[in-house]
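Try each task before reading its solution.

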Amino acid sequence: MEKEIILENLDESIVNEATFYSQQNIPSQISQALYLYGSTTDYQVLGFIDASGDGSKGMIFTDQGIYFCFKEPHSFLYEDIEEVVLIKKEEGFDFYAKIKTKANTFVFKNKYLNLKGFIECLSEILEMPVHYEMSAYEKVGYFVPIVLNDLKDDVYEDLELDDQQYQQIKDIEHELEMAKELKDLDYQNEYRSLCRYCLDFFESLGLDSDEIDALNEAQSFFDQQDSQENQQLEGAKRWVDEMMSNYQNGDTGMYDQMKSTMESLGIDEERLKNMSNEEVDQYVKEMCKKFGISQSFFDKLKDKFGR
């Protein structure tokens, strides 16, 4: 690995509750660190993170690889790294980090490192994109604000926004704030809707970025869900058509089975008969939440079968 590329990207942004030392000011405790978890052949230290004050915990950067000890000593070479990952899953961390090499996978969850800054630093050094392990919904909530902030900060050159476009940004930000208060299916439905709307907006501006690529990945997941729901609907429609045909021909077996299933699920047919359309909608929405059926699937059911 070229020494200059590493030095360009190493700075204090990769640490949190630790001290970063550049090549020009490596402290004396590096000797302790090299002895405990460094290399006996790779002594060209380009950066050093001291997480303990005496060098017993920390991380050493050389032009060949990274040596570290937070609990136990480990190391890997840059040339062996296959993937750098940020995972938005762990409570108490905005992200935790994972580095996959040819032989091992290293997971970092400590408070010493700025885990996001550390992975992004490695991404720049290796010229390797960061892989984000998060749900499609989390991608919408995380990447949309980044793109919006870039738009407001004039990161995209030669792009001038008009008043209407600035208002669209404000509207999206408002929707994002509201979405944070939602739970379960309501949360999912809001982010599904926002993803498509935001991608259309960004496309109209001619934007292209890693963040938008991640949003396209999320949209692909939502599109796949839609396709699966459509297949389920077609199957349900065929089943209902067969049931009604049999019923009209005097065979009530499938109809009786459906009524029995409804009763076992707590669905009261007589109660439904006396409800208004609005009350039926609310009742069915509650049942959808109970059984984990998405709002989009519910809407498609209404379109397919009527009220």
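**Exercise 1.** Leaving aside neighbours within four places in sequence, which residues is Ser-123 in contact with?

*Solution.* First, the ground rules. This is a predicted model: local features need pLDDT of at least 70, side-chain atom pairs count only at pLDDT 80 or more, and totals for chains, interfaces and linings use all residues. Residues are numbered from 1 along each chain as its sequence is written, and side-chain values use heavy atoms, leaving out hydrogens and water.
Step 1: contact means heavy atoms within 4.5 Å.
Step 2: Ser-123 touches Val-84, Met-128, Pro-129 and Val-130.
Step 3: the side chain of Ser-123 also reaches the backbone oxygen of Met-128, at 2.5 Å.

**Exercise 2.** Is Ser-123 buried or exposed?

*Solution.* Buried means under 20% relative accessible area, exposed over 50%, partly exposed in between (1.4 Å probe, protein chains only). Ser-123 has 12% relative accessibility, so Ser-123 counts as buried.

**Exercise 3.** How do the axes of helix H4 (residues 136-152) and helix H5 (residues 163-179) cross?

*Solution.* Step 1: the axes come within 11 Å and cross at roughly 150°.
Step 1: therefore H4 is roughly antiparallel to H5; the cut-off for that term is an angle over 145 degrees.
Step 2: residues making the contact include Val-140 and Leu-148 of H4 and Ile-169 and Leu-176 of H5.

**Exercise 4.** At what angle do H5 and helix H6 (residues 184-204) pack?

*Solution.* Step 1: the angle is about 165°, with the axes 10 Å apart.
Step 1: H5 and H6 are therefore roughly antiparallel to each other.
Step 2: among the residues that meet are Ile-172 in H5 and Tyr-191 in H6.

Methods. A polar contact is a pair of N or O atoms within 3.5 Å; within protein, one must be able to donate a hydrogen and the other to accept it, and residues adjacent in sequence count only if both atoms are side-chain atoms. Axes are lines fitted to C-alpha atoms, for helices over the stretch in contact, and angles run from 0 to 180 degrees between N-to-C directions. Helices (H or I, at least four residues) and strands (E, at least two) are DSSP runs, numbered from the N terminus. Angles under 35 degrees count as roughly parallel, over 145 as roughly antiparallel, 65 to 115 as roughly perpendicular and the rest as oblique.
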